[in-house]
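Student: I have a new model open and would like to go through its folds with you. Could we take it piece by piece?

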Amino acid sequence: MKIKRRDFLKVSAAAGAVAVIGGPSLNAFAQTTAPKKKAMGEAAGEWIPSTCQGCTTWCPIEIFVQEGRAVKVRGNQLSKANGGYVCVRGHLLLQQTYDPDRIKTPMKRTNPQKGRGIDPKFVPISWDEAVDTIADKLIELRRNNETHKYLLMRGRYSDHNTILYDNLTKMLGSPNNISHSSICAEVEKMGRFFTEGFWGYSDYDLDKMKYLITWACDPLSSNRQIPNAVTKFQRLLSEGTVVAIDPRMSNTAAKAHEWMPIKPATDGALGVAMAHVILTEGLWNKEFVGDFKDGKNKFRKGREVKEEDFNEKHSYGLVKWWNLELKDKDAAWAAKETGLDRNQIERVARGFAKAAPNCAIWFGPNMQPRGTYSALAMHALNGLVGATDNEGGLVTGMSAPSSSYPKFDAYQDDLAKAGAKNKKIDQRGYKTFPNLASGRPGSGVSANNVANAILAEDPYDIKVAIGYFVNYNFSTMETGRWDKAMAKVPFFVHVVPMVSEMTQFADIVLPSALHHTEDWAIVRSKANLYGHISIQQPVVERMFDVRGAETEFVWLLAEKLRDKGFPNVYDWLHNEYKDPETGKKPTDGLEFAIYATKIRSQKAWDPAENKDYKGDKPSGWEDFRKKGVVNSPRFEFRKKWGTPEEGNFPTATKKFEFYSETLKKALTEHAEKHNTTVDDILTVTNYEARGEKAFVPHYETQLRHGSRTEYPFDLVDMKSRLNREGRSANLTWYHAFKKCDPGDVNFDDVVQINPADAQKLGIKDGDMVKVTSVVGSLTVRARLWEGIRPGTAAKCYGQGHWAYGSVGTKDYAKFEPRGANFNEIMVDDYDRLSGSSARNGGFTGVKITKV
Amino acid sequence: MAKYGMVIDLLKCAGCGACGVGCKTQNNTDDAHDGQTFNWADFCEKIEGKYPNAKYTMYPTLCNHCSDSPCIGACPVSPTAMYKSENGITLHNEERCIGCGMCQQACPYSSNMDDDKAARYSVISMNSHDAEPHARYRNPNELIKGITTSGAEIAKKAGRTPPHRTMHAHPDYNSVRAKEKAEKCIFCEHLVASGQNPYCTQVCPSQARVFGDLDDKNSAVSKLLAENRNSVVVLADNKGKTAKPGSGTQPNVFYIRSFSARK
């Protein structure tokens, strides 16, 4: 007989004393001696290096292994990017490795019907049967001379994506290697490219910075260097100034000296007004930008300035920018547009400029229709104060050494060469998709448009598709289109560690090794003024017959294709991927994976190649494996500035462009390709600017789906600091600490609403509400929260899975979601200059009603 | 002998959650169930004021290792399962614990979350009387039969329950506590004994946590407390109320400065 705890409490509470104790279950009381002296301490183990890819930071890490099990995670102690720390995501990866719902075997669908909520009726099959079937489908494409109807969709990836995503796709004869980048953060790159010619993400000199503005991003929880930001923010908070611009109180906003809860999509207005303040008050950086020839400031509200009066140094087009956009747009005007306080706008603009050049605007993805121009306005301010490429400012950053992968060209046959020359499936380069990545029209990806293209069969239909570590049926906006598109693709292979929504449409599913604990790969990134190359290697023995997607799967496929009379892929891998140490050719997939890893990192570890390198120099492959990371030397400032006579920025003018000749060139090229004018292109791509204004950072008003009267709230998409991208919902620790996202709660999924709005709608904290946009409705719990701008509603991405594990899904058998995936009700739209999908800026209007 | 305590610098703290999850990986605590959080390290969030002047504070929480520990006084066994170690740590002897829950009831920082809706965390958690801990890794159900693994299978393949169990030894407690037992933060004494910091302190990316000897005037914790005399507070309950140090149960976890830099 046992005394239940609650019974015991009742008894003891009634007696009010411990005297009631007694009875059969209490023999522990007999023990009166002191505890036995047992050993104290942690059991032996080994820290093995790898790389976390739970977000885009790509942190070098170490995993503590006891008895062959992964038990703890920390930052790689040698890493200069994270100082030996991981953020919360790093710890979460243990639950990802030991997820009870991982796939342990290849499988095939037996139900030919495809759709959301339709059970594929998967049955287990062997790797051999699975890959054999895939090879047959690819051979069939070759036989029918339609190899371009093969599509490869890439999600999270390592450097080895070159093999599966790039090279293999071309070897097979398709142009269709589609990355997910354009649903991620490509607009951010537009901001720096069309001002200073840098297509990439920024790094920051946080140690020397005095004034930081985080704008449309939350570096303490996302945006590419989280542990470093968490470590370094404290000095800025103590000694400098931090300003956060965001309609919701993000982690950074919660801690910042100033929070500017801006009206969504009015960032451009704030940007140009800050520039107006800086110019009219004479606070721009004279060393970088130059000055009036007579030294007298002629920037006065409403007055045009003559270009010849200003002597520009490292920048180009300042006066044009003033005349075209800035001259009338002062803080009072911006206050009306942005819903911010005029004094705050002026105070922040001044404070920022006075700290110059040791200051930066750390700006975010800007993934919204017309987002290119808000990103440009944000980064133009970095130029105006001379913070770009400067000490204490923001920089391009360093990269670490890596060697090239072996070439495949000699093995690509004529059929494949011809097939690969077809138009890409995503319609990039169409008149309405300029996609000006790196300034080249039609070069950027439009991942979310692939669903539309598949459904319209424009430019053609897709017959065979492979996706790896990707889940477009959850991660894209207006997700339902993907449910239709994937149901239409006749043969789809999903290479993943976990079954997800996209898997429901698969004909074959292959269980992939987890990158951080089971696979071989190389990853490169940067932070804290250092670049790094970091290893991924198996730290635990694989518990199931899983294979590396980017390497071992390709090997198996190559063998099958060879057996079916197409040996080229096998020959390429077998002949070219030789062990750089022994010259041995790979004989199986695992050897191939290891050799590929060694080849890619050779420049970093081979003493013959790294002897003159100024960064870390491991003594060889084994030493690199043991250390896990090679750090670059520290970034050197002002290399891009050049001289006032000869700039060194890779732009059309070699200068930092406030008037973007680089954008003008790219847009003109796109217009000419379609035999039309730039203004016509701007019209069909939904921008407001016409004429010269299109080439300067300027304010474009919000493009919004849903009228304000019917859909009064601007929907704000937020990201969780616990999101291992979209893959955390099946981890119990995620739910146990969800409240670490300010405003969110543990064990639930909520939409954040300001209490003043909620009161008008009769909504109480915890009520279930229906949130409706022009494309659909979802029901979710309401959280009343003072940290959200009235008129906006914030919802965190990550939950609402209808087919992702026993915890992530409410009822997997019924495909019943846990929480709500607001991607489903966000509209499929684009910042078309970049081809990026819209997700930010409240571009989806919603109405909220009590259920 | 030392008197261990901790100082948490709220301005440094980013509320990032690394200490909370890091603790779970070190101490192999269970998933929440039956109103028990099993988060030895957790968070207490507080929002004051109204938009746009609302001020948000995140207090990282753990056992306060109070000088006047009511959990010890409430423990009905003799000698008590909950006891004060010579080094100031409020320790818990698993063998003597009868799982009665009196300590949880007595602790001002602990609650059964099902009963106390206002509670934001609980220092003490009670293991189930009926089921072994880590039920998820004992569950043999496969999501897709014959295709996905199960909690029980993956734990068996890895060799431990939970599979990521960090093995460590301590005279008073096991690396996973048995059913019918109370459990809570013990300042990672098994690490402290070998000169390491508690794991929450080790993994904090902002180094907001400082662990040390409060009796030693020259220790980092003593210096921080002296330097931050004006801002230092302790938690008064598990709902976000704060108090001056030395009040109530005399907690030995102190919070300095302000989470937000806003005036």
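**A barrel, a helix and a hairpin**

Tutor: Happy to! In this predicted model, 6 strands of chain A close into a barrel with mixed pairing, in the order E25-E29-E26-E28-E27-E34. From one strand to the next, the twist averages 45 degrees.

Student: Do E25 and E29 of chain A run parallel or antiparallel, and how many bridges join them?

Tutor: Strands of a sheet can pair in either sense through backbone hydrogen bonds. Here E25 covers residues 713-718 and E29 covers residues 792-796 of chain A. One of the pairs is A:Asp714 with its bridge partner A:Thr792 in E29(A). The two strands run parallel, joined by 5 bridges.

Student: Let's turn to helix H5 of chain A. How many of its residues are buried?

Tutor: H5(A) spans residues 186-196 and is mostly covered. Its buried residues include A:Glu186, A:Lys189 and A:Arg192, along with A:Val187, A:Met190, A:Phe193 and A:Phe194. The count of buried residues is 11 of 11.

Student: Which elements do those buried residues pack against?

Tutor: The partners in chain A include both helices and strands. The helices are H13 (371-384) and H23 (661-673). The strands are E16 (359-363), E24 (656-657), E32 (830-831) and E33 (836-837).

Student: Now chain B. Why does its radius of gyration agree with a compact globule?

Tutor: Chain B holds 7 helices and 12 strands, and its C-alpha trace spans about 60 × 50 × 35 Å along the principal axes. Buried residues make up 59% of its 263 residues. Because a compact globule with 263 residues would have a radius of gyration near 18 Å, chain B agrees with its value of 19 Å.

Student: What share of its contacts between residues at least 6 apart in sequence join residues at least 24 apart?

Tutor: Take the pairs in chain B whose C-beta atoms lie within 7 Å, and keep those at least 6 apart in sequence. Of these contacts, the share joining residues at least 24 apart is 64%.

Student: Finally, which residue takes a positive phi in the hairpin of E2(B) and E3(B)?

Tutor: E2 (residues 42-48) and E3 (residues 55-61) of chain B pair in the antiparallel sense over 7 bridges. B:Ile47 has B:Tyr56 as its bridge partner in E3(B). Between the strands are 6 residues, and the positive phi, near 80 degrees, belongs to B:Gly49.

Definitions and conventions. Residues are numbered from 1 along each chain as its sequence is written. Chains are lettered from A and ligands numbered from 1 in the order in which they are written. This is a predicted model: local features need pLDDT of at least 70, side-chain atom pairs count only at pLDDT 80 or more; totals for chains, interfaces and linings use all residues. Helices (H or I, at least four residues) and strands (E, at least two) are DSSP runs, numbered from the N terminus. The radius of gyration is taken over C-alpha atoms; the globule rule is 2.2 Å times the number of residues to the power 0.38. A residue is buried if 20 or more other C-beta atoms lie within 10 Å of its own, exposed if 12 or fewer, and partly exposed in between; C-beta atoms are placed from the backbone. Two residues are in contact if their C-beta atoms, placed from the backbone, lie within 7 Å. Two strands pair if DSSP finds at least two bridges between them. Axes are lines fitted to C-alpha atoms, for helices over the stretch in contact, and angles run from 0 to 180 degrees between N-to-C directions.
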